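Here's a quick briefing to read with the model open in your viewer.

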Amino acid sequence: MTDATHSGTASGVLPDGTAIDRADIATNPPQRALHLHRELDRVWADLPGWRGFFTSVNHGTIGLRFMATSFVFFAIGGVLAMLIRAQLATREGAFLDTDLYNQIFTMHGTIMMFLFAIPMLEGLGLWLLPKILGARDMAFPRLSALGYFCYLFGGSVIVLSLLFGVAPDDGWFMYTPLSDRTHSPGVNADVWLLGVTFVEISAMAAAVEITVTILRCRAAHMPLTRMPLMGWYLLGTSVMMLVGFPPLILGSILLEVQRAFDWPFFDVARGGDPLLWQHLFWLFGHPEVYIIFLPAAGALSTIIPVLSRTTILGYGAIVAAIIGLVFLSFGLWVHHMFTVGIPHMALAFFSAASALVAVPTAVQIFAWIGTMWDGKVQMRLPMLYVMGFFATFVMGGLTGVMLAMVPFNWQAHDTAFVTAHLHYVLIGGFVFPMLAAVTYWMPLICGRWRIRGLGEAAFWLILIGFHGTFFLMHLTGLLGMPRRIDVYPGNPEWEWLNLTSSVFGMIQSAGFALFAFDIIMQWLFGRRSWRNPWKAPTLDWAMPVPSPSYNFASLPGPRQPDADAILPLARGEGLLPGAPRGLRETLVVEPASGRPQHVAVLATNTALPVLTSAAIGSFFGAMLLGFYWLAPLGILATIIVAWRWGAIMGSTEDRAPAQVAPDLHLPLHFQVRNTLALTGAVALLVGDATLYASLLFGVGFLTVVAPGWPAPPSGLEMPVLVAGLAAVAAMAVGSVAARLAEANRARPSGHLWTLVGTGMAVLALVMLGVVAMGLDDPTRHARDALRGVVVGFAVAHGVIAGLLALRSHLDHRQGRVGANRYGAIPGWRLFQDFWLATSAISLAVVLAQEVL
Amino acid sequence: MGWVARALAGPTLWAVLFSVVYALHGTGCNLGWTDRSVLFTDLHHAAMWVAWGLGLVLHGALVVTMPKGQEGRRRWIIVAGAWIGLVSSVFTLFPVIATSTCF
Ligand SMILES: [Cu+2]
């Protein structure tokens, strides 16, 4: 990585006014490390005591909280798994009744997927990324905290529902019509839909944040093509989350609206189709496997070369494989639906794609094996877990290829064979690498070295317990045992296999318990670890152990590209040493080349995130309790709190540039257009656009496939269509106003355009209201229900665009914009254009439905 | 972002093509295109073949043009991305040649 300076030595100004400078940056003069540490810690540390819990926004704290909380949920999910194994150990299984058993296996799947795996990888990403990329924090610290509290509150509700006997009981895939009002009358399904959607807010927050951090918060002159592989893996993960989660969020919204208000999206009699749920669910559900696998693979690509005392083989091939995986994994969702009656041609497409995805996976496996072959493998504890990964994941991949073949799939579908396959993939492909990661980074987390012996014992218990449990389940499945049954009185031949599985299952859980014990012992009683104990080259080890709140006393530049820079960085010879302005500052770079562009001032300790998540939670709570009339108040509360987020951004005066290095001065982010926030808005809109595209997919799917079409003649009158056209016209004027407002931001007249924009947003919303009044009864037919959703989508975005316009207007009045200051205007412009584009498409779709 | 866009061009084209052919397949079945003959085949197959063929031509163009002016690892990753897209499109959409269409 030492030739990071090779890409470009240009200096000058980018089109948007942000400065770039030549690559060879001189070093800052050395200072006393202790002085720097005190200055930085004062600015970056959490508040002491319980206030720290509610106000911390530091990525280190939040990341560790995510991981710790996810391990607690993992333990709960594990206990549920043991209850399942206890029930299945014997034929009659008198241990649980069917109702409770349904709740338990549903909750086991839900917890492991949504409350363990995803938050665990988010936590690892939040904690690790700034360290490994050479930054002081993530791009949006308050967003991390918001995500954490949404996760904590949503997860707690889901788990507590188990205590009250109202836990979800329709399987973690929540298939309709099983999960509709008729077949699941209780509140159980609502707990799943609302709780998981609430938790998903945190996943989307993390996805936006990870994407922007990787693209723009790297060390100076670290080009994308040379960043540590972990960065590539997490970039792939976060992009997949941005594109993979919206279909599930949309599906959950549609199903909840059907349950609450009887809109028939999944009701065959009224033009819906239960298969729409399956498509939306697996559009998320399959990529989800890779969302979980990629960060784990990133940990492997980091750990394997270090513990093999060599460098990774085939960096370029691995990056290409990641790109291939990210795309291909979106073309396979139908392989979960091979038995529902899909046309032959579609079966063939998706079977071929499923087989093909094994190729990029294999590329990585061979790169890892080659790396170990090249080097000298040290069998230390993280490496044991890596070996556990190989032994387990490869077998899961092979059964995956078996299941990708349609004829075999028809035989093994919904049997214990599939359960075994998925556990081999998920435990092999996620849990083993994550255990390797935790043991590997533990010295950096707690500053201590582990106690000998315990970890190895835990590893062997987990490995033997796991294979004993799940290898046999392949056989149980091939003998025909279906998944999700609670008793099998007529099948004595399954009993000894199940009994043996259950015994090994207990061994496995003992192993996990021992692992947790080992970690706690290390935290409490380990001896002090020395710096960089594994002799790793990456920047995460170029800091003291345990890692300080600010990570680096000065930020790594082209002269400090790796872990050897630990002392110069601590002495302040890197970029942006200390905290001379008393602000939380980090460097922002150009995405591809890594040229420094400006200095971002990040948010400091605040209770805003916890308040915001409480406001969002009040909406979900009202929906869950069936107080639908109260729910709008929750939205109002959310808007009021969200307004405060913008209030503490921006600046009313021009600030002097920050000295980053002796001859490098960069503006603070108040003075540039292309800020982190703008990149974040783009990332968010990518997810938003996917949500909208999923909605269009739903319209197309129901139109083409669902029985019960064509829909009854629509009662759309001319005035409704005119109102729709008028709304779109008002949005277009708003888009123009946003441009003029930005162009005239330094002139006193500029606030006229922000006023026009606000007015146009209100006008468009009124027109949308007229459209909504004129729609057909949405409970009549799925087409009418979908039109209701389309209008709702436009209204929701109109409210946001209107608020951003108003924010821009107030920015103008309060002097927060000027020749060099942009305030909220660029964000408003982006959102306004998105609103206009989606609304115009919606209008065109409705017109097409009317004409064709 | 120019480099990133080039590296992603091949797989992106695959994603678009896959969606287009899948959508054509569903639409054609719904509108009864299998019953309308075009040249030596039916409208349904013809539409999918045309889409697939055009897509493959574009893929070929990407393989040739995208890596221009890049060196070292940057070039390698772009080349790999372009080929990943091409192979994916050939392999995952070849069923349009052979299989029966609407169940
Ligand atoms: Cu799958």
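Let's start at one tryptophan in this predicted model. Setting aside neighbours within four places in sequence, A:W232 is in contact with A:L224, A:M227, A:Y315, A:V319 and A:I322, and also with B:W3 from the other chain. From there we can move on to the core, the chain contact and the domains.

**Nonpolar cores**
- A:W232 is also one of the four residues that touch the most other members of the largest nonpolar core, along with A:W368, A:Y385 and A:F430.
- That core has 266 residues.
- Another core, of nine residues, lies apart from the largest one, and its members include A:A727, A:A730, A:A764 and A:A794.

**Where chain A meets chain B**
- The contact takes 34 residues from chain A and 35 residues from chain B.
- About 3000 Å² is buried between the two chains, and carbon and sulfur atoms give 81% of that.
- On the chain A side, A:F327, A:M345 and A:F349 supply 24% of the area that chain A buries against chain B, more than any other three residues.
- Polar contacts do turn up between the chains, with a count of two residue pairs, both at pLDDT 80 or more.
- Helix 9 (315–328), helix 10 (344–356) and helix 20 (676–705) of chain A are the elements that give two or more residues to the side touching chain B.

**Domain layout**
- Chain A is divided into domain 1 (376–551) and domain 2 (710–851).
- Taken over C-alpha atoms, the centres of these two domains are separated by 50 Å.

- A:T476 sits in helix 15 (residues 454–478) of chain A.
- A:T476 counts as buried because its relative accessible area is 1%, and the cut-off for buried is under 20%.
- Beyond its neighbours within four places in sequence, A:T476 is in contact with A:A416, A:M481, A:W494, A:L497 and A:N498.
- A:A796 belongs to helix 23 (residues 782–813) of chain A.
- With a relative accessible area of 38%, A:A796 is partly exposed.
- A:A796 and A:W835 are 39 residues apart in sequence, with 9.4 Å between them in space, C-alpha to C-alpha.

Technical notes:
Residues numbered from 1 in each chain as written. Chains lettered and ligands numbered in written order. Predicted model: local features only at pLDDT ≥ 70, side-chain atom pairs only at ≥ 80, totals over all residues. Heavy atoms only, no water. Core = buried A, V, L, I, M, F, W, Y, C linked by side-chain atoms within 4.5 Å. Buried < 20%, exposed > 50% of the residue type's maximum accessible area, 1.4 Å probe, protein only. Contact = heavy atoms within 4.5 Å. Buried area = accessible area lost by both parts, 1.4 Å probe. Polar contact = N/O pair within 3.5 Å; in protein donor to acceptor, adjacent residues only side chain to side chain. Helix = DSSP H or I, 4+ residues; strand = E, 2+ residues; numbered from the N terminus. Domains from an automatic or database assignment.
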